[in-house]
Amino acid sequence: FPGLTTSVCNLRPTSRGSVTLTGADPTTAPPMINPNYLFTPEDRQIAADSLRLSRRIMESPAMAKYTPVEHFPGSQYHTDEQLAEQAGAIASSIFHPVGTCRFGTAESGAVCDGRLRVHG
């Protein structure tokens, strides 16, 4: 059927995930990855607000000729809590998960120095 997809991406999430070794030899034991998406109230609010913004765009006069119909998450969801929960249910990672680490001195709490050498 004809359709279109709106997509949003929180480029500055406050939720933090983890990668944990599951065995002594990382070449034979796969890591346990917990992305921990939408864990913080800030990220949940951004998700809810983003769905509302997507709805406003799709309801705008400029989009009327395309007669958009919301399939996901569904127009029956309205509260912040409902929208954040549904965002988690339909969300996916884009491209590939990545991480960042703080650069600087070990005393500052940084993980790596300016030449990417790990402290410790």
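**From one residue to the chain**

Analyst: Ser54 lies in helix 1, which covers residues 41-58; helices (H or I, at least four residues) and strands (E, at least two) are DSSP runs, numbered from the N terminus. This is a predicted model, in which local features need pLDDT of at least 70 and side-chain atom pairs count only at pLDDT 80 or more, while totals for chains, interfaces and linings use all residues. Residues are numbered from 1 along each chain as its sequence is written, and side-chain values use heavy atoms, with hydrogens and water left out.

User: Is Ser54 buried or exposed, and which residues does Ser54 touch?

Analyst: Buried means under 20% relative accessible area, exposed over 50%, and partly exposed in between, with a 1.4 Å probe and protein chains only. Ser54 has a relative accessible area of 12%, so Ser54 is buried. Contact means heavy atoms within 4.5 Å, and, not counting residues up to four places away in sequence, Ser54 touches Thr6 and Val8.

User: Which residues of helix 2 are buried, and where do they fall when seen down the axis?

Analyst: An α-helix has 3.6 residues a turn, so residues three or four places apart point the same way. In helix 2 (residues 80-90), the buried residues are Leu83, Ala84, Gln86 and Ala87. Seen down the axis, they fall within an arc of 165° (taken from the directions from the helix axis to the C-beta atoms), so they line one face of helix 2. On the other side of helix 2, Glu81, Glu85 and Ala89 are exposed, whereas what covers the buried residues includes helix 1.

User: How do the axes of helix 1 and helix 2 cross, and which residues meet?

Analyst: Axes are lines fitted to C-alpha atoms, for helices over the stretch in contact, and angles run from 0 to 180 degrees between N-to-C directions. Here the two axes come within 8 Å and cross at roughly 90°, which means that helix 1 is roughly perpendicular to helix 2, a term for angles of 65 to 115 degrees. Arg44, Gln45, Ala47, Ala48, Leu51, Arg52 and Arg55 in helix 1 meet Asp80, Glu81, Leu83, Ala84, Glu85 and Ala87 in helix 2.

User: What pattern does the protein chain follow along the sequence, and what percentage of its residues are buried?

Analyst: The protein chain has two helices and two strands, in the order β-β-α-α. Buried residues make up 18% of its 120 residues, and the C-alpha trace spans about 60 × 35 × 25 Å along its principal axes.

Conventions. Parallel < 35°, antiparallel > 145°, perpendicular 65-115°, else oblique.
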